[in-house]
Amino acid sequence: MTTNPNTQYSSAEIELLVLQAQTGDSESLQKLYLCFAKALERYALLQSSDAELARDACQECWLNCCRKLTQLKDPAAFRAWLFSSLRHRIVDLARKKETLARRLEQLKQLNEIHQNSEKAYESDLDQEDVRSKLEGLNLWSAIKKLPQQERQCIYLFYQEEFSTKEISLTLGVSLGTVKSQLSRGRQHLRDALSKSSTT
């Protein structure tokens, strides 16, 4: 029986918790939450630099888990199902936030026109994370600079120790795509870290 190094439960124990939670056992659901909450938060922050959006996505992911857990046919696929749900929540919230920001910007411009303002329109401040200016090119920052799909594959494979099959299920891509993205991601990381070590 193998134990996931990122949790206190073995794969078989997690499957049993899922089965018990599907029968309405709130204690088992709580154990699943404690088991995966931190990992989901890390994954959410990797996908979005907006900490508030990441937290909201995690909350919606768990609400979705509570509502739809009984629909999961294979308990062994719980982890991939959970991370896939989170990925969709992040995409949905980011899209909604972008739409809202665009509408607010349009209203702002209309208001300026209406008031015949003579002031030049001030562009939005750059939202680049200040931390990126302070941190060196370490492994984490190198991973965050990878193209999105490579970044997700590398993170899930090395940080969360997903199998290539689990990554395929989580991201909704073929196994061959996962393997090629991992290969390219490793090469990009080697190149980035090599440049960092010579500066």
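Biologist: In this predicted model, what is the handedness of the crossing of H2 and H3?

Modeller: The crossing of H2 and H3 is right-handed. The axes of helix H2 (residues 26-47) and helix H3 (residues 51-68) come within 10 Å and cross at roughly 145°.

Biologist: Which residues make the contact between H2 and H3?

Modeller: On the side of H2, the contact is made by Leu29, Leu32, Tyr33, Phe36, Ala37, Leu40, Glu41, Ala44 and Leu45. H3 contributes Ala51, Ala54, Cys58, Cys61, Trp62, Cys65 and Cys66.

Biologist: What makes up the contact of H2 with H3 by class?

Modeller: There are 15 nonpolar residues, no polar ones and one charged residue. Glu counts as charged, whereas Ala, Leu, Phe, Trp, Tyr and Cys count as nonpolar.

Biologist: Why is Ile90 called buried?

Modeller: The cut-off for a buried residue is under 20% relative accessible area. Ile90 has 7% relative accessibility and therefore counts as buried. The residue lies in helix H4 (residues 78-114).

Biologist: What is Ile90 in contact with, leaving aside its neighbours within four places in sequence?

Modeller: Its partners are Ala44, Gln47, Ser48, Leu53 and Ala57. One of them, Ala44, also belongs to the H2 side of the contact with H3.

Biologist: How do you know that the span of helix H1 agrees with its number of residues?

Modeller: Helix H1 (residues 11-22) has 12 residues, which at 1.5 Å a residue should span 16 Å. The expected span uses one less than the number of residues.

Biologist: Which residues of H1 are buried, and how do you know on which side of H1 they are?

Modeller: The buried residues of H1 are Ile14, Leu17, Val18, Ala21 and Gln22. They cover an arc of only 135° around the axis, so they are on the same side of H1. In general, an α-helix has 3.6 residues a turn, so residues three or four places apart point the same way.

Biologist: What follows H1?

Modeller: Gly24 follows H1, and its phi is positive, near 100°.

Biologist: What is the secondary structure of the chain as a whole?

Modeller: The chain has nine helices and zero strands, and along the sequence the pattern reads α-α-α-α-α-α-α-α-α. Of its 199 residues, 36% count as buried. Among contacts with a separation of 6 or more, 64% join residues 24 or more positions apart.

Notes:
Residues are numbered from 1 along each chain as its sequence is written. This is a predicted model: local features need pLDDT of at least 70, side-chain atom pairs count only at pLDDT 80 or more; totals for chains, interfaces and linings use all residues. Side-chain values use heavy atoms; hydrogens and water are left out. Helices (H or I, at least four residues) and strands (E, at least two) are DSSP runs, numbered from the N terminus. Buried means under 20% relative accessible area, exposed over 50%, partly exposed in between (1.4 Å probe, protein chains only). Contact means heavy atoms within 4.5 Å. The arc is that of the directions from the helix axis to the C-beta atoms. Axes are lines fitted to C-alpha atoms, for helices over the stretch in contact, and angles run from 0 to 180 degrees between N-to-C directions. A crossing is left-handed if the near helix is turned anticlockwise from the far one by less than a right angle, and right-handed if clockwise.
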